[in-house]
Amino acid sequence: MNKKSSPFSVIFRVFQYLMLIAASLIALIPVCVCILTAFKTTDEYNNSSVLDAPASFLNFENFQIAFEKAKMLNGFANTAIVLVVVLAVSVLTGSMLAYVLNRFKFKGNGVVQNLFMFASLIPGIATQVTIYQIMYKLGLINHLYGYMIVLMGTDIISIYIFLQFFENLSVSLDESAIMDGCTYFGVFFKILFPLLKPAIVTSMVLKGVSVYNEYYMSNLYLQKETLRTISTSLYTFTGPYGNQYNYICAGVIITIIPILILFLVFQKQIYGGMAAGAVKG
């Protein structure tokens with residue numbers, strides 16, 4: 001027989017639902033405002049509040065202007081190149097570093113791991129002056145490969161994700177492969193790397209989102225119009241005399257669509273990878 005709920009538990013549950021509703025509204029209101037603004041003409045935007053509906057939701061002129069004037073196709077192409085290269089190199093270097101730190105116990109192993117942790121505590125903005133000077137001296141500014149080198153720098157979070165996963169992979173796998181004549185590189189690429197799929201998915205999702213949304217370094221190191229990524233292409237509609245937010249919002253929706261499609265297609269792999277990676281360790 002179920003016990004009757006106490007008044008305190010009922011009040012607490014109501015409070016929980018109210019907090020969830022409030023949090024949902026806080027998250028959804030900016031998205032709704034962006035959608036409403038994207039369909040407004042310039043006159044409608046200037047003479048209406050942000051929550052007023054546009055005259056028609058079938059007016060796609062803003063989307064066409066945003067896509068063509070901001071050269072978003074070029075931005076998508078540059079972003080795709082950066083994403084593929086940065087994710088591939090980051091996953092490879094992160095997993096190999098974790099493999100060395102986990103499987104080979106040498107003097108200073110713990111110091112190296114602690115240094116990685118210490119590096120993650122330093123605000124990225126604090127190192128930008130030094131990084132910019134290095135990039136300038138090496139002639140890497142206004143080059144897509146220079147920007148990619150900065151982004152593919154050691155990803156501390158990915159290393160710790162791989163380290164946690166390696167803790168749950170038995171060393172006997174390595175020993176058996178070595179006894180059969182396999183090299184250390186063979187052990188990693190043939191035996192261990194295929195087993196890292198959940199950790200790889202988790203790392204790629206976290207790194208991919210940050211790279212796709214990255215604006216500061218893209219705006220700093222890629223100042224040529226032909227090198228703009230998708231996050232900086234909308235800078236076209238900003239200026240000293242005001243910003244054209246109806247075009248900016250239309251461009252924002254365009255940038256969301258590819259990621260939304262990828263998420264819907266690969267949501268099982270994403271959820272599976274992140275859940276498997278979360279329970280390790």
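Analyst: **The α1/α14 crossing and beyond**

Helices α1 and α14 cross in a left-handed way, meaning that the near helix is turned anticlockwise from the far one by less than a right angle (clockwise would be right-handed). On the α1 side, the contact uses C34, I35, T37 and A38, and on the α14 side Y245, N246, C249, A250, V252 and I253; contact here means heavy atoms within 4.5 Å. By class, that makes eight nonpolar residues, two polar and no charged ones. The axes of α1 (residues 7–38) and α14 (residues 245–265) come within 8 Å and cross at roughly 115°. Helices are DSSP runs of H or I with at least four residues, numbered from the N terminus.

Keep in mind that this is a predicted model, where local features need pLDDT of at least 70 and side-chain atom pairs pLDDT 80 or more, while totals for chains, interfaces and linings use all residues. Residues are numbered from 1 along each chain as its sequence is written, and side-chain values use heavy atoms, with hydrogens and water left out.

T255 counts as buried because its relative accessibility is 11% (buried is under 20%, exposed over 50%, partly exposed in between, with a 1.4 Å probe and protein chains only). The T255 side chain reaches back to the backbone oxygen of V252 at 2.5 Å, and V252 is one of the α14 residues in the crossing. Leaving out residues up to four places away in sequence, T255 touches M72, F76, Y212 and I230.

Another threonine to look at is T229, in the loop between α12 (216–221) and α13 (230–233). T229 is buried too, at 5% relative accessible area. Its side chain makes a polar contact with that of S218 at 2.8 Å (N or O atoms within 3.5 Å, one able to donate a hydrogen and the other to accept it; sequence neighbours count only if both are side-chain atoms). T229 also touches G75, T79, Y147 and L222, among others.

Now the rings: the structure holds 14 aromatic pairs. Y99 and F188 have ring centres 5.2 Å apart and planes at 45°, so they are tilted (centres within 6.5 Å; under 30 degrees is stacked, over 60 edge-to-face, the rest tilted). Y99 sits in α4 (residues 72–103) and F188 in α10 (residues 184–192), so the pair ties together parts 89 residues apart in sequence. Y99 is buried at 6% and F188 at 2%.

How values were computed
Axes fitted to C-alpha atoms, helices over the stretch in contact; angles between N-to-C directions. Helix = DSSP H or I, 4+ residues; strand = E, 2+ residues; numbered from the N terminus. Nonpolar A, V, L, I, M, F, W, Y, C, P; charged D, E, K, R; others polar. Phe/Tyr/Trp six-rings, centres within 6.5 Å; stacked < 30°, edge-to-face > 60°.
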